Amino acid sequence: CFPYQSYRAQAHVSMSRFEPSSFVNYERLQSNIDIVRKRLNRPLTLSEKIVYGHLDDPHKQEIDRGRTYLRLRPDRVAMQDATAQMAMLQFISSGLPKVAVPSTIHCDHLIEAKTGGVKDLARAKEVNHEVYNFLSSAGAKYGVGFWKPGSGIIHQIILENYAYPGVMLIGTDSHTPNGGGLGSICIGVGGADAVDVMAGIAWELKCPEVIGVKLTGSLSGWTSPKDVILKVAGILTVKGGTGAIVEYHGPGVDSISCTGMATICNMGAEIGATTSVFPYNHRMKTYLEKTGRGQIAALADEFSDLLVPDEGCKYDQLIEINLDELKPHINGPFTPDLAHPVSEIGAVAEKNGWPLEVKVGLIGSCTNSSYEDMGRAASVAKQALDNGLTCKAQFTVTPGSEQIRATIERDGYSKILGDVGGVVLANACGPCIGQWDRQDVKKGEKNTIVTSFNRNFTARNDANPATHAFVTSPEIVTALAIAGTLNFNPETDYLTAANGEKFKLDPPYGDELPAMDFDPGQDTYQHPPPDGTSIRVDVSPESNRLQLLEPFDKWSGSDLEDMKVLIKVKGKCTTDHISAAGPWLKFRGHLDNISNNMLIGAVNSENDAINKLKNYLTGEYGGVPDVARHYKANGVSWVVVGDDNYGEGSSREHAALEPRHLGGRAIIVKSFARIHETNLKKQGVLPLTFSNPSDYDKICPDDKISIRGLKAFAPGKPLSAAVKHSDGSEDTLELIHSFNETQIEWFQAGSALNRMKEMQ
């Protein structure tokens, strides 16, 4: 379970009062880096040091940024409760007795925001009792730590307890890169990837390119760490970081708190980046010490050369941002890369017909719920209260963890935020992922909300496609909630006090860390017993929440002939479009039930409709899952045709499991988001891209497609699609792929899990 115990530079360190031990493997990291540096004979970036430092075979591994696949040995696995259900079901199917690396489950996704933290948490425990019992017992049986509902959001818990400079962690959530704020390489993956690591199998990752972001100057005034990533998102767009690690460096780094760095890394998921990372510095050391990990900080000091980039290292792309000149930003609506300075958003909104009135302001989430974030928001709220004002908009506050909730309550921030009109929600994801029972507007009613979250796709927060969601810092959210309008720039504009006098808000201030120690709050961690063999994990055959998995069928050995086009998707298609969250989260452990949401949010190119397409066996129109089920029942395989950056957003592997379960064989698109492409491969689906992107236009909804060349399927060798049109004509299109030899074996076996069983 802990393969590096023999090395000198390790500490049997208490990571927190919840985690009894963890091993810091800096000497193993040093050894691997020395081997790779000698082979490559060049300076290394920080991300290269940590990634290559975790190579399974540093002597022989082929290393070519952007081309080769690396076999890695991550140190930890973390899973949130929505994705952990399927991950643990897959692990159970593997037949293994216990996880091979330290692993944890975090109950943060299934708590719906409705009235307030206490009542919402109580209701979630009742409604989700079956799922929580499954995860708790499965964790105990297979050696996985269990953070109970109410503990907090997975990424905040990781930052407080498990992340440290130089560690490699994979998590079944796309915002796992949050840990990069503590000098960690933390990567979001699907559940099948997590199963590989928990099973002790080397984990594959395409060797990332490295995008450097050089920071100069220093943050001040209304400008916050959030504005760094909002600016970067505007530069790189939602797919500009695909296949790359974003590595921040330069003298400006030292002006950013550790939790501020985590905010920047967290939202790096919105540009498609593999992960993001900051170099080790005194801000990280202070945070480690304040969270009970002083021994790790001392070791990080000793091995600090491993935790910063080499002088003279080369980046594949370099961006420079002067923090002295950076202004507060607000991004949106409908996409996190539509960047605007706060000073301009009012005019831009008026020009575009976006509602100026702010209906709700929401602060917190895994992105911005640190002690510093809450303090800066409270400093803005206190100024309003001192002038007799409260929020014109509704206002919600989501603490990132039980530790943050308890500490801001002790230190008075919660009272200030409550007095200004805020409702403190449970320590959970809540509205950020659509777990929000919103009642103030009707579905279809055009309105504006501002959040300190990370993602703002159409209908994501409240299931209302007419909601215009904007992403910004907690302090700007608070100011806009007080003003009640987008057309307010706190740097220059005035508010009217209760006595009629005009006043301007002073720039926010918040302590980086509490003067006293953090208040840990309630103990919500369940450590697995030393021996869980006698523990029984029950899944009722009658359950509508949980379902044991049946193996997918193997490849037949022949080309895939005359497959129907289930849907030709038009435009943006995120994993939210493919497998919606919100009310569907309750079915994340039941593959057949959750498959009823497959692609119900995607736009059909044939009629620009959502969840309405033609069944070419019956001639009738129906919902996407219904047509897919009908094709499957009649032995007809199908494909999906998609646009650019298909599958961006959340890491949810259900977006790959559902097409496979309902008879899909291939997804053919202009380009893929990284995690979704890997998830499809893991489940035995063919993710293929048009060699010529304009070939997308040649596909018609009533076409039949045959995938040819599968008997000679090989890395780097294109496949072809024979496209038969209804008029009798035919096109032959070249399809490219990124499969390596191991991944081809997954396809041939029917899935990565099937292949794992074959190898036992």
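Mentor: Two strands pair if DSSP finds at least two bridges between them, and the strands themselves (E, at least two residues), like the helices (H or I, at least four), are DSSP runs numbered from the N terminus. This is a predicted model, in which local features need pLDDT of at least 70 and side-chain atom pairs count only at pLDDT 80 or more, while totals for chains, interfaces and linings use all residues. Residues are numbered from 1 along each chain as its sequence is written, and side-chain values use heavy atoms, with hydrogens and water left out.

The strand to look at is β22, which covers residues 560-568. With β27, β22 pairs in the parallel sense over four bridges, and lysine 568 has valine 641 as its bridge partner in β27. With strand β30 (residues 704-708), β22 pairs in the antiparallel sense over three bridges, and here methionine 563 has isoleucine 705 of β30 as its bridge partner. Buried means under 20% relative accessible area, exposed over 50%, and partly exposed in between, with a 1.4 Å probe and protein chains only. Seven of the nine residues of β22 are buried, so this strand is largely enclosed by the rest of the structure.

The phi of asparagine 645 is near 55°, a positive value in a residue other than glycine, and asparagine 645 is itself buried, with a relative accessible area of 5%.
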